[in-house]
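Have the structure open as you read.

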Amino acid sequence: MSDASQPVFQIQRMYLKDLSLEIPGAPRIFLEQEGPAVEISIDSTYEPLTETIHEVTLTCTVTTKIGADKIVFLVEAKQAGIFEIRNIPGEQMPIVLNVVCPNVIYPYLRANIADVVSRAGFPPIHLAEINFEAMYQQKLMQQGAPQGGPQLIVPGRAN
């Protein structure tokens, strides 16, 4: 196999695309004694920038509440990576974009969320490890695709 046909997977850049922190009840919320419930949602999207360059973005929303409606704080973060991906067989691209790239990005997202929550005066939120392959397979099943159904991958949408 010549060098020109060797598979290439390179991180071009990691960056924090968007970060938002809201503490609607500050400063009184810091006087609360009750521990909040934490809700976390994570999604992954990707977009081709060129034929071989792709941006993959993980979006995470962390909502902490006391009771049903008193928000302690809300964090929304988008951590992105730009990847050069060449000479990967077409049937493997969905796995690279939905599993491999998110696994590379996720530690940066976790660190940024823990940091911003800590800087806001709260104990840091340490996000648990995520199995992005299981998450991807679950999305495929929800869409009614057979497992590994790359034909359903639509650039710019979570898959």
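E32 sits in the loop that links strand 1 (8–22) to strand 2. Keep in mind that this is a predicted model. So is E32 buried, partly exposed or exposed? E32 counts as partly exposed because its relative accessible area is 31%, and that class lies between the cut-offs of 20% and 50%.

What does E32 touch, once you skip its neighbours within four places in sequence? The contacts are I66 and K70. With K70, the side chains make a polar contact at 2.7 Å. V72 is 40 residues away from E32 along the chain, yet their C-alpha atoms are 9.2 Å apart.

Now for strand 3, which covers residues 53–66. Strand 3 is mostly covered, with 12 of its 14 residues buried. Strand 3 pairs with strand 2 (residues 37–48) and also with strand 4 (residues 70–86). Here's how the two pairings look:

| Pairing | Sense | Bridges | Residues in the hairpin link |
|---|---|---|---|
| Strand 2 and strand 3 | antiparallel | 12 bridges | four residues |
| Strand 3 and strand 4 | antiparallel | 14 bridges | three residues |

If you want landmarks for lining up the strands, S44 has L58 in strand 3 as its bridge partner. On the other pairing, V56 stands opposite G81 in strand 4. The turn between strand 3 and strand 4 is worth a click too: G67 there has a positive phi of about 70°.

Key
Residues are numbered from 1 along each chain as its sequence is written. This is a predicted model: local features need pLDDT of at least 70, side-chain atom pairs count only at pLDDT 80 or more; totals for chains, interfaces and linings use all residues. Side-chain values use heavy atoms; hydrogens and water are left out. Buried means under 20% relative accessible area, exposed over 50%, partly exposed in between (1.4 Å probe, protein chains only). Helices (H or I, at least four residues) and strands (E, at least two) are DSSP runs, numbered from the N terminus. Two strands pair if DSSP finds at least two bridges between them. Contact means heavy atoms within 4.5 Å. A polar contact is a pair of N or O atoms within 3.5 Å; within protein, one must be able to donate a hydrogen and the other to accept it, and residues adjacent in sequence count only if both atoms are side-chain atoms.
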